[in-house]
Amino acid sequence: MTMFKKAERKAVPLKIALTGPSGSIKTYSMLKLARGIVGAEGRIAVIDTENNSASLYAHVTDFDVLAIGAPFEAVKFIEAIDDAVKAEYDILCIDSLSHEWASIGGVLDKKDQLDKVKEMWGNWGKAKESHNRMIDVILQAPVDTICTMRSKMKYELEDIGGKKVPVKRGLEPIQQGDIEYEFMLVFDGDADTHKAKAVKDRTGLFSDVEPFQMAEEHGALLSKWRNEGGEFIPPISTNTRTAISRLVKEMGMTETWKGEVALVLEGLVVESLKDLTEAQGQTVLSHFKLKYKEFKENKDGKVDK
């Protein structure tokens, strides 16, 4: 029987998005916010898809960078995120996430290539398979994460000093249509004022705040808010979850082993592997390593070293 329990806020990793048109200083704001979150000694990792442009801001703060070029396939982002987690960086910045959607090798490009072979509704599902996994990896990664995204642009005429002046306006982010739902905090930047405004805020820190220029102090506020949530319990890592799935698959994925998995998860009061904490995941992995050893003994007549 499933039991409800009192809700308590935990110190989960921050998942933040910065959107805006060209010139809204997304990269600069990202680095300022990141430094404020991790503090003076914290280690910042940046995944750069913008032709090494992040390094132009090396004077803003210290950070390590990994450049990703075309094709901008989701698997490249997934591997880079896993590497950042393994290296135990304090925060990960992805600048920008738009390339994985709308550039060479991205989702829209894959969809176009599939349509050339055969136009059908199922092509969307195939094109987004790795994309969906990438979003899951970003959200599950046990590290604070900031993603920048370009916004579609248009110009509007505004009356400034008695004259009609074209002003650049950002529209929705260049990414999957509902991408903003995935983040706990979304800032939208303005190209003219270089100020940002929270358009989604689960922290409550910036909901009623007028547009402002991003600074380290805002990151420090977010760090304080997160830490007040109590002890952070890391979710299961992608590597641990993959290792468990591989062992179970190699044992044949018969109904017997499926039942074994279900029984183990039931004992831990979770419904799927992705709901485990990392500590629980290691326990399950150890369990199936023993089961795999027994499986190999029965199959080969000897222990597989």
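The structure is a predicted model. Its chain comprises ten helices and eight strands. Of the 305 residues in the chain, 44% count as buried. The accessible surface of the chain amounts to about 17000 Å², and carbon and sulfur atoms contribute 52% of that area. Among contacts in the chain with a separation of 6 or more, 63% are accounted for by residues 24 or more positions apart.

Two helix pairs were examined. Two packed helices are described by the angle between their axes and the distance between the axes. In the pair formed by helix α2 (residues 74-86) and helix α6 (residues 129-140), the axes lie 9 Å apart and the packing angle is about 20°. Because angles under 35 degrees count as roughly parallel, α2 is roughly parallel to α6. The crossing of α2 and α6 is left-handed. On the α2 side, the contact is made by A74, F77, I78, I81 and D82; α6 contributes S130, H131, R133, M134, V137 and I138. By class, the residues of this contact of α2 with α6 comprise seven nonpolar, two polar and two charged.

The pair formed by helix α1 (residues 26-38) and helix α7 (residues 216-227) packs at an angle of about 45°, with the axes 6 Å apart. At this angle, α1 is oblique to α7. The crossing of α1 and α7 is right-handed. From α1, the residues K32, L33, R35, G36 and I37 take part, and they meet E216, H218, G219, A220, L222, S223 and R226 of α7. The contact of α1 with α7 is divided into four nonpolar, four polar and four charged residues.

D144 is located in strand β5 (residues 144-160). The relative accessibility of D144 is 7%, and D144 therefore counts as buried, the cut-off for this class being under 20%.

Conventions:
Residues are numbered from 1 along each chain as its sequence is written. This is a predicted model: local features need pLDDT of at least 70, side-chain atom pairs count only at pLDDT 80 or more; totals for chains, interfaces and linings use all residues. Side-chain values use heavy atoms; hydrogens and water are left out. Axes are lines fitted to C-alpha atoms, for helices over the stretch in contact, and angles run from 0 to 180 degrees between N-to-C directions. Helices (H or I, at least four residues) and strands (E, at least two) are DSSP runs, numbered from the N terminus. Angles under 35 degrees count as roughly parallel, over 145 as roughly antiparallel, 65 to 115 as roughly perpendicular and the rest as oblique. A crossing is left-handed if the near helix is turned anticlockwise from the far one by less than a right angle, and right-handed if clockwise. Contact means heavy atoms within 4.5 Å. Ala, Val, Leu, Ile, Met, Phe, Trp, Tyr, Cys and Pro count as nonpolar, Asp, Glu, Lys and Arg as charged, and the others, Gly among them, as polar. Buried means under 20% relative accessible area, exposed over 50%, partly exposed in between (1.4 Å probe, protein chains only). Accessible areas come from the Shrake-Rupley method with a 1.4 Å probe; for residues, only the protein chains shown count as cover.
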